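Dear colleague,

Please find the structure below, handed over for your records. My findings follow directly after it.

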Amino acid sequence: MAVSVKQVGADESQLIDAIVALGDQNTKTLGMLAPPVYLQAAERRTLLAAFEDDELVGYALYALPKRKHHHVQLTHLCVNESRRKRGIARRLVEEITARHQDRFGIRAKCRRDYELSRMWSGLGFVPRGEAPGRGSKGMPLDEWWRDHEHPELDAHWSR
């Protein structure tokens, strides 16, 4: 089955609600985001939805930091548990890269205890260090980077 990806518009309230519900089903590895965050991402054109046969199967929510950090900050990458290992996450990440090739790359943070290193590596990300977690347990976050292969990356990328 082919996966299609589309940008979610701020006027697509039913789709945004479905994306929020999918995110809520996966809080064990995503963390919580308030519903207004999804709407803000849609307004900023930084919310993508993935479909198989017109069924929502995943989403990516990200931010585009201003000048100093000229990269994409991936906040959520979520695939319905029953649809994992089918290339849906890869398709979402590739769509972000295609839409924002002008940025140096994609940065993501993920709790180490989620044990998702193989997934991030498989999606073309490399580890770039560690950051302190913000949750009540203070679990460390691994920082991941997917390079868009700009030659001046090392001179501009900062943590």
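At 9% relative accessibility, Asn26 counts as buried, a class that means under 20% relative accessible area, with exposed meaning over 50% and partly exposed in between (1.4 Å probe, protein chains only). This is a predicted model, in which local features need pLDDT of at least 70 and side-chain atom pairs count only at pLDDT 80 or more, while totals for chains, interfaces and linings use all residues. Residues are numbered from 1 along each chain as its sequence is written, and side-chain values use heavy atoms, with hydrogens and water left out.

Asn26 is located in the loop between helix H1 (13–25) and helix H2 (27–30); helices (H or I, at least four residues) and strands (E, at least two) are DSSP runs, numbered from the N terminus. A polar atom of the Asn26 side chain lies 2.8 Å from the backbone oxygen of Leu22. Leaving aside residues up to four places away in sequence, Asn26 touches Cys78, Val79 and Arg84, where contact means heavy atoms within 4.5 Å.

As to the whole protein, there are six helices and seven strands, in the order β-α-α-α-β-β-β-α-β-α-β-β-α along the sequence. Of the 159 residues, 45% are buried. Among contacts with a separation of 6 or more, 61% join residues 24 or more positions apart.

A pocket is an open set of points on a 1 Å grid over the protein atoms alone, where a 1.4 Å probe fits, with protein on both sides within 12 Å along at least five of seven lines; lining residues have an atom within 4 Å of a point. Volume is the space filled by probe spheres set on the points, which are joined across faces, edges and corners. The largest pocket is lined by 42 residues, of which Thr29, Leu30, Lys109, Cys110 and Tyr114 are the closest to its centre. Strand E4 (72–79) gives the largest share of this lining, seven residues.

The second largest pocket has a volume of about 170 Å³. Its lining includes Val37, Gln40, Arg44 and Tyr62, and helix H3 (35–43) and strand E3 (55–63) each supply at least two of the lining residues.

Yours sincerely

Definitions and conventions:
Polar contact = N/O pair within 3.5 Å; in protein donor to acceptor, adjacent residues only side chain to side chain.
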